[in-house]
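Please keep the structure in view while reading.

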Amino acid sequence: MQIAQNSVVAFHYTLKNDSGEVLDSSEGREPLTYMHGSGNIIPGLEKELEGKASGDKLQVAVTPEEGYGEIQEGLVQEVPRDAFQGVEDVQPGMQFQAQTQGGPLMVTVTQVEGDTVTVDGNHPLAGQNLNFDVEIAEVREASEEEVEHGHVHGEGGVEH
């Protein structure tokens, strides 16, 4: 079976940046499982997996536009240290959920200087080219319930 709209796909991957540094991998773990065409993985990778079948191996280069987007400078802000009530020692690398006008947003602390904390709401991989080595492990049709819910159920998916 080939990967198409509403097929359930399980694949192994290694993600590297342009320098060849491994950023993430499914090595030693279960394959990543998703429902094709439901927006469950980044668009550039999903587009390249279309039409592939179990056993296929491929390399996929994804630009920021089809990955996690370009860096948006407006998502980098300086906030007062006292905005972190109950957190004794704010350090770079810590992540928090901020409440914004657009709803909740995950932010990462990038700098702490005196009473000022710089936070970044961009995805950590925003602005980067993403290079995937992929091996398709399994492709199957999604159940009616999976299609209705827009995600995979059971092994590798959501249990309700």
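**A walk through the predicted model**

N6 is found in the segment before β1, where strands (E, at least two residues) and helices (H or I, at least four) are DSSP runs numbered from the N terminus. This is a predicted model, in which local features need pLDDT of at least 70, side-chain atom pairs count only at pLDDT 80 or more, and totals for chains, interfaces and linings use all residues. Residues are numbered from 1 along each chain as its sequence is written, and side-chain values use heavy atoms, with hydrogens and water left out.

The phi of N6 is near 65°, a positive value in a residue other than glycine. Most residues other than glycine have a negative phi. N6 is partly exposed, with a relative accessible area of 26%; buried means under 20%, exposed over 50%, and partly exposed in between, with a 1.4 Å probe and protein chains only.

The largest nonpolar core holds 19 residues, and F11, L45, L49, F132, V134 and I136 have the most contacts inside it. Such a core is a set of buried Ala, Val, Leu, Ile, Met, Phe, Trp, Tyr and Cys residues joined through side-chain atoms within 4.5 Å. Two or more residues each come from β1 (7–16), α1 (43–49), β4 (57–62) and β9 (130–141). The largest share, five residues, is that of β9. A second, separate core has seven residues, including F84, F96, V107 and V117.

Contact (heavy atoms within 4.5 Å) can also be followed from one residue. Leaving aside neighbours within four places in sequence, I136 is in contact with several residues, among them I3, F11, L49 and D56.

Next come the paired strands; two strands pair if DSSP finds at least two bridges between them. Six bridges join β6 to β7, and the two run antiparallel. F96 has V107 of β7 as its bridge partner, and two residues lie between β6 and β7 in their hairpin. β7 also pairs with β8 (residues 116–120), in the antiparallel sense and over five bridges. Here V109 has V119 of β8 as its bridge partner. β7 and β8 form a hairpin with two residues between them, and G114 in the turn has a positive phi of about 65°.

L75 lies in the loop between β4 and β5 and is partly exposed, with a relative accessible area of 26%. Its C-alpha atom is separated by 4.9 Å from that of G121, 46 residues apart along the chain. Not counting residues up to four places away in sequence, L75 touches L105, V119, D120, G121 and N122.

Which residues lie nearest the centre of the largest pocket? They are V79, A98, Q99, V107 and V119, out of 15 lining residues. A pocket, on a 1 Å grid over the protein atoms alone, is an open set of points where a 1.4 Å probe fits, with protein on both sides within 12 Å along at least five of seven lines; lining residues have an atom within 4 Å of a point. The volume of the largest pocket is about 310 Å³, meaning the space filled by probe spheres set on the points, which are joined across faces, edges and corners. β6 gives the most to this lining, with five residues.

The second largest pocket has a volume of about 200 Å³. Its lining includes F11, L45 and F132, and β1 gives the most to it, with three residues.
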